[in-house]
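Good morning, colleagues. Please have the sequence and the structure open before you, as I shall refer to both throughout.

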Number of protein chains: 2
Amino acid sequence: MPRFTELVAGLPATVPFVGPEAQERTRGKSFKARIGANENVFGPSPRAVEAMAREAAETWQYGDPENHELKIALALLHGIAVENVVVGEGIDGLLGYLVRMLIEPGDKVVTSLGAYPTFNFHVAGFGGDLETVPYMDDHEDVFALIAKAAEVRAKIVYLANPDNPMGTIHPPSTIGRAIDTVPGNCLLVLDEAYLDCAPAGSEYPLDPDDKRIVRMRTFSKVYGMAGARVGYAIGHQELIRSFDKIRNHFGMSRISQAGALAALEDRQHLANTVARIENARRRIGEIAASNGLPVVPSAANFVAVDCGRDGEYARRVLEGLIKRDIFVRMPLVPPQDRCIRVSAGTESDLRLFEQALPAALREA
Amino acid sequence: MPRFTELVAGLPATVPFVGPEAQERTRGKSFKARIGANENVFGPSPRAVEAMAREAAETWQYGDPENHELKIALALLHGIAVENVVVGEGIDGLLGYLVRMLIEPGDKVVTSLGAYPTFNFHVAGFGGDLETVPYMDDHEDVFALIAKAAEVRAKIVYLANPDNPMGTIHPPSTIGRAIDTVPGNCLLVLDEAYLDCAPAGSEYPLDPDDKRIVRMRTFSKVYGMAGARVGYAIGHQELIRSFDKIRNHFGMSRISQAGALAALEDRQHLANTVARIENARRRIGEIAASNGLPVVPSAANFVAVDCGRDGEYARRVLEGLIKRDIFVRMPLVPPQDRCIRVSAGTESDLRLFEQALPAALREA
């Protein structure tokens, strides 16, 4: 066989997530409600759909490797310079590049126990040592993360705000204090995939001259374009420029570039989507309540429904839902695994969830 | 600043290619003929365009991270098992993963001097030591590559067949002998991006049980879907499975998956495209001949036009064409840099080339 690097030879052949399609193949039937992957069922802006459909015939051309137009539009939107933005193949792709730039075998990285598995996948993939900090009251424990980063001299500390899988959020003041206390030479990766779902005023002001932090954003959530694979990072221009040293320059789909550009222009669709997500969150809360279950207050496009017992019990509830063709997921680590995670669905999705939940609870 | 790895800190901030869009921005005007990036101007199958346009509204969903349907279709097409195929974000993306799996700082990699820059970019990006072998008679020098691989105990030897940027091809018998002589523990990466453009009978039979070789294929060339970023690798299942350890599992565009699947079904469009490429190659040869220039016989979707003097002269010809709004590229290393590389264009593209070439030659 080819001589794999020692690092790769030692990696497990695990995947960060099993997709719903793979589950459907195993089950031999389709899901009726796809509310497990925090996708945005309300879909992209019609303008984005139109732009993508129009660009289909142009896909014989490579996309612009510099993502120039999209970066200009993003810079305008955020009031920053184009040198402070890099576009990549989703936050997943950008996290992979970022970890590659900073982490070599033995380097320390800090994250919350039970936070985003794909980030952990990348850290393991470059040989980093992951140090984890438990959640506190279903929130990522910001200052414990920072303290751990100082203790182990971490190169990266990862924080999702709003958090996934719990949906909880820290206010801008907390983020500001986190930035001010993050150890020198440790980069705070603030994953803000779900920030657009959060209440107004949730954004910590962007300061792209700040070398201590990089912000991750995406078109996969409120923009409703998960399948298009468009994410971006905002940071200091030296950090942003370094992505060019290693990224797959021609890695972006041309159709996705066109779609993202059009999606950015449709602020009304975005506002409507946020309202629909809010509404769906409320509905999930009502459904949970009518089954005697509380929910974790969420600032994201999903809600963690507290099944009230342990992880084994919640897993049985989850399996009962899956059996009834409702695709949902759940946190993996106690005590958060007492919950199941339900993405904001259409009214029809949530009615199916509403119908399936009582029986799933009974069986569990 | 964040603490970059030593490797990344030492990488140059170069890019493998400047895209035509960046050139257009610098020039302040558009190209009239885009025949420089070996894109396929004849475009994707109408069925693929339709499938992509249809999928645009579904792009709120992540694509299947296992690329299951596409891999099944590819396995059927090639008469191999699904375990022998991995789909990725273009050959560029797959080459990056492959290099990452095998190469760590100081490991040796062999390629031809002047061959595909993006492969070299990945090798440098993982700290590999690139050893190069000159072309021989405008062909990649297969057995010199193999000998060099043995000499330096390379982990990877890269061969494009048909070659890029010259378009020359080695017959299956030569590929067979290359495989039989490649040193144990050295992987032969056979980049067959352009193979579908080559005459019938050019394919060395696939043997996915052979651990010495991995074959790279793409939808970017004859399928006319460069902007969709869909490539695949065929190899031994142990190698193929290893991609799962590190690849960006949710990296594929859902629209691209749908497009590739539909494109595969339209064999007639593929045959028509190959005929149009053949025709365009002949036209480029005629245009060159009528300016007193020979061409390098090509099995790809482009033709290296021999400007007959040195690289400096050819570069002036190239600049004359670019000035006249014809986007072309050229080889970067002597003596191949005596040529300019012209992609198969539409009749309209090639007429523009025909009109611009005499003046470009005069000025040069």
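In this predicted model, 82 residues of chain B are in contact with 82 residues of chain A. Among the residues of chain B, B:Arg3, B:Trp60 and B:Tyr62 lose the most area to chain A, and together they give 13% of what that side buries. The area buried between the two chains comes to about 7100 Å², and carbon and sulfur atoms give 60% of that area.

How do the two chains face one another? Of the interface residues of chain B, 100% are also interface residues in chain A, so the copies meet through the same surface. Chain B is superposed on chain A by a rotation of 180 degrees, with 0.0 Å of shift along the axis and an RMSD of 0.0 Å. The two copies are thus related as by a two-fold rotation axis. The residue of chain B that comes closest to this axis is B:Ala53, with its C-alpha at 2.0 Å.

Let me turn to the polar side of the interface. Between chain B and chain A there are 46 residue pairs in polar contact. Several helices of chain B each supply at least two residues to the side that touches chain A, including α2, α3, α9 and α10. The largest share, 5 residues, comes from α5(B). Sorted by class, that side of chain B has 38 nonpolar, 22 polar and 22 charged residues.

The rule finds 6 salt bridges across this interface. In one of them, B:Arg254 pairs with A:Glu21, and the closest N and O atoms are 3.5 Å apart.

Within chain B, B:Glu21 forms a salt bridge with B:Arg34, the closest N and O atoms being 2.9 Å apart. B:Glu21 lies in helix α2 and B:Arg34 in strand β1, so this pair ties together parts that are 13 residues apart in sequence. B:Glu21 is buried, with a relative accessible area of 12%, and B:Arg34 is buried as well, at 14%.

Another salt bridge in chain B joins B:Asp138 and B:Arg338, at 2.5 Å from N to O. B:Asp138 sits in the loop between β4 and α7, and B:Arg338 in the loop between β11 and β12, so the pair ties together parts that are 200 residues apart in sequence. Are these two residues buried or exposed? B:Asp138 is buried, with a relative accessible area of 11%, and B:Arg338 counts as buried at 16%. Salt bridges that share partners also join A:Glu21, A:Arg34, A:Glu39, B:Glu55 and B:Arg254 into one network.

Among the buried residues of α6(B) are B:Phe119, B:Phe121, B:His122 and B:Val123. What covers the buried residues of this helix includes α5 of chain A, together with α1, α5, β3, β4 and β5 of chain B. After α6(B) comes B:Gly127, whose phi is positive, near 85 degrees.

In the loop between β3 and α6 of chain B lies B:Leu113. B:Leu113 is partly exposed, with a relative accessible area of 35%. Leaving aside its neighbours within four places in sequence, B:Leu113 is in contact with B:Thr132, B:Val133, B:Pro134, B:Tyr135 and B:Val333.

Technical notes:
Residues are numbered from 1 along each chain as its sequence is written. Chains are lettered from A and ligands numbered from 1 in the order in which they are written. This is a predicted model: local features need pLDDT of at least 70, side-chain atom pairs count only at pLDDT 80 or more; totals for chains, interfaces and linings use all residues. Side-chain values use heavy atoms; hydrogens and water are left out. Copies are superposed by least squares on the C-alpha atoms of residues with pLDDT of at least 70 in both. Contact means heavy atoms within 4.5 Å. Buried area is the accessible area (1.4 Å probe) that two parts lose on being put together, summed over both. A salt bridge is a side-chain nitrogen of Lys or Arg within 4 Å of a carboxyl oxygen of Asp or Glu. A polar contact is a pair of N or O atoms within 3.5 Å; within protein, one must be able to donate a hydrogen and the other to accept it, and residues adjacent in sequence count only if both atoms are side-chain atoms. Helices (H or I, at least four residues) and strands (E, at least two) are DSSP runs, numbered from the N terminus. Ala, Val, Leu, Ile, Met, Phe, Trp, Tyr, Cys and Pro count as nonpolar, Asp, Glu, Lys and Arg as charged, and the others, Gly among them, as polar. Buried means under 20% relative accessible area, exposed over 50%, partly exposed in between (1.4 Å probe, protein chains only).
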